[in-house]
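Subject: Structure handover

Hello,

Here is the structure you are taking over.

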Amino acid sequence: MKYWLLIFSCICLFAQTPEELAAQKAYRTNINALLIFTSEAGLSTGLYRFSKPGVKMQIYTLPFRYHFEPFAKNLNYFVSGSLAYSVTRLDTEVESSPLSPELTLDNKLKTYTAGLGMGMRYKSAWGVDILGGAQLLYSRVNTSAGSQESIDKDVKELFGSEYNDNITYKLFLSTEYEKEMQGFRSYAKLGLRVYETKVGFDLNALSTFVTQSDVTSLSFGAESPPFFKYAENYMRLEPYLKANYLHGDITGVVGFNRYINLGLLAYWYTPEFPSWAKRFYLEISTIRAEGLEGYNIGLGFSLK
């Protein structure tokens, strides 16, 4: 696998044969698939099984977003990003997996991802927020022998020389509507995210953008009124439903073009202490599609 990855990382400045171009496109598609399912909100730490490529993916991720104070009426900047680690293994005996032809029952595909970006939010007088921005995702990918290796060993090997490095552009645009009714904070969100991966790092490759894969999401949810209090702290619950639609090259890898998230968030608000945290939360959800099933459990916090 290391020789296969090395070939793709070196294809930058030289003329390419049709076979090389097709192989490079397949590799970029695989990377986009891995990144989409390790950087999407609603796909946090958990285990997922993809029946068509015959693989299971274990994900550990930490997404974040921080909004700055408005610099003009109804306008503010924000930063967002994520850290993620995923392990992909064959779940069944197949001749060749669309996600990675090099995967066998005796090895695994490891992906480390770090993303950082920024954007702008416009808050209208009608309760509609419009957000847009971009992220740059850096990823390292490799296969390793031994399907039962520990995460500690994987992290220690992060800076090894047998990994393939990739840069991915992620552009996003979303519209969010929120309304409070009888103590419930209900909302609806519509979002679009597009991805393109660069295998080569020459300036010509990095300066151009061609959409390879994209995800459209529509979500609904409602945050309940406070129902349990302790001193100044209190708890709220938020059930949600999210429909996701995939387009582009990724659909040929994962074998489906839509999936559903159904989940529940439990928020613990801390207005007094600690001073840096607005709330802590626990998220439990499930994901379903024709060709995908999984669950995730996430812990996190929101900054004040």
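The notes below go from the whole chain to its cores and then to its rings.

This is a predicted model, in which local features need pLDDT of at least 70 and side-chain atom pairs count only at pLDDT 80 or more, while totals for chains, interfaces and linings use all residues. Residues are numbered from 1 along each chain as its sequence is written, and side-chain values use heavy atoms, with hydrogens and water left out.

Whole chain

The chain has five helices and 13 strands; helices (H or I, at least four residues) and strands (E, at least two) are DSSP runs, numbered from the N terminus. Of its 304 residues, 45% count as buried, where buried means under 20% relative accessible area with a 1.4 Å probe, protein chains only. Among contacts (heavy atoms within 4.5 Å) with a separation of 6 or more, 63% come from residues 24 or more positions apart.

Cores

A nonpolar core is a set of buried Ala, Val, Leu, Ile, Met, Phe, Trp, Tyr and Cys residues joined through side-chain atoms within 4.5 Å. The largest one holds 26 residues, and F37, F50, L246, F256 and L292 touch the most other members. Elements that each supply at least two residues of this core are α2 (18-39), β1 (46-50), β2 (55-67), β5 (128-145) and α5 (250-254). Of these, α2 gives the most, with six residues. There is also a second, separate core of six residues, including Y240, L265, Y267 and Y269.

Rings

The whole structure contains twelve aromatic pairs. Rings of Phe, Tyr and Trp (its six-membered ring) pair if their centres lie within 6.5 Å; planes under 30 degrees apart count as stacked, over 60 as edge-to-face and the rest as tilted. One of the pairs is Y234 with Y269, which is stacked, at 4.9 Å centre to centre and 10 degrees between the planes. This pair links distant parts of the chain, since Y234 is in strand β10 (residues 233-248) and Y269 is in strand β11 (residues 258-269), 35 residues apart.

Y269 also pairs with Y267: their ring centres are 6.2 Å apart and their planes at 55 degrees, so this pair is tilted. Y269 counts as buried because its relative accessibility is 4%, and Y267 is buried at 6%. Y234, Y267, Y269 and Y281 form one aromatic cluster.

Which ring does the charged end of R279 sit over? It is the ring of Y267, 3.9 Å from its centre. The test for this is that NZ of Lys or CZ of Arg is within 6 Å of the ring centre and within 35 degrees of the ring normal. The charged end of R65 likewise sits over the ring of F78, 5.0 Å from its centre.

Regards

Note on methods
Buried means under 20% relative accessible area, exposed over 50%, partly exposed in between (1.4 Å probe, protein chains only).
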